[in-house]
Amino acid sequence: MNQAPLPQFPTSLGRHGLGLLSALLGALLLSGPAQADEPLWELGLGAAGLHLPHYRGSDQSQNLLLPLPYFVYRGKIFRANREGARAVLLDTERVDVDLSLTASAPASSNSNRARAGMPDLAATVGLGPNMNVRLAKGSDWKLDLRVPVQAVFTLQSHSRQLGWTTNPVLNLDLRWQGWDIGAQAGPLWASRSYHAYFYDVPTAYATATRAAYSAPSGYAGWRWTTGASRRIGKLWLGAYVRGDSVAGAAFGPSPLVKKSSQLSYGLALSWVFAVSDERVAADD
């Protein structure tokens, strides 16, 4: 997404986008290959500290300290686990298709120099199909191609559809000395209406230093994310780092684009206080 997305700490780097807290703050396990059998559900609570740019291309950032609900559910159709919160539509040995959910944080224009006097950016939620193709797999690692396409909506009293986005990525998950590690990278594309929400400057908001601008659809830059997590008894901890680039993006000439590359990062800690007695076969 073009607004700094909330990286889903507990997924394999956030299924679409790492990638933080699905639906503003849902916590799902960032994990490598699963164990032989696992609890049907797990429940916990903690906190996450995040450093996020106001939006992709902004030269200003914000620090957030947020509560972190921790929820894992390993059902046959609905799953909230290392793959994110999703409803599975097709599941074969090499290919699966699901519905996935992502979210991004709001940004106030009062605290952003480039957007001073313009409307605030609302929090957003994205929903759509996601195709996952297993490319290779070992005993403690796997490599997937993930191709999500999402419709994006604002989260406000009068929600509006912003358009669509897609972010195909190569995703590597592995387990190493008790740590679950993930890495993914890929380009982004989005519709004209989606880019307009973040990068248009209507004539009414043009100034001597901020020219009017209309953003086109198309290429939106690229992103890489790495993350790691570990369970130590009832304690779960996770961290991520993400690099974002809008170099060469279709909306690059917008006066709201002030920086071509950015870093975001976060650290999360949760206490798992309830686990199901029922065990289920783990996903691959």
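Guide: A residue is called buried when its relative accessible area is under 20%, and exposed when that area is over 50%, with partly exposed in between. The model is a predicted one. By this cut-off, aspartate 173 and arginine 146 are both buried. Their side chains form a salt bridge, at 3.8 Å from N to O. Aspartate 173 belongs to strand β10 (residues 169-176) and arginine 146 to strand β8 (residues 141-154), so the pair links distant parts of the chain, 27 residues apart.

A second pair joins aspartate 200 to arginine 192, at 2.8 Å from N to O. Here aspartate 200 is buried, because its relative accessibility is 15%, whereas arginine 192, at 34%, is partly exposed. Shared partners also connect salt bridges into one network, made up of Arg134, Lys142, Asp144, Arg146 and Asp173.

A further salt bridge is that of arginine 113 with aspartate 59, whose closest N and O atoms are 3.8 Å apart. Arginine 113 sits in the loop between β6 (95-104) and β7 (124-137), and aspartate 59 in the loop between β2 (41-53) and β3 (61-74), so this pair ties together parts 54 residues apart in sequence. Arginine 113 counts as exposed because its relative accessibility is 58%; aspartate 59 has a relative accessible area of 36% and is therefore partly exposed. Across the whole structure, the search finds 10 salt bridges, including the one between arginine 113 and aspartate 59.

Technical notes: Residues are numbered from 1 along each chain as its sequence is written. This is a predicted model: local features need pLDDT of at least 70, side-chain atom pairs count only at pLDDT 80 or more; totals for chains, interfaces and linings use all residues. Side-chain values use heavy atoms; hydrogens and water are left out. A salt bridge is a side-chain nitrogen of Lys or Arg within 4 Å of a carboxyl oxygen of Asp or Glu. Helices (H or I, at least four residues) and strands (E, at least two) are DSSP runs, numbered from the N terminus. Buried means under 20% relative accessible area, exposed over 50%, partly exposed in between (1.4 Å probe, protein chains only).
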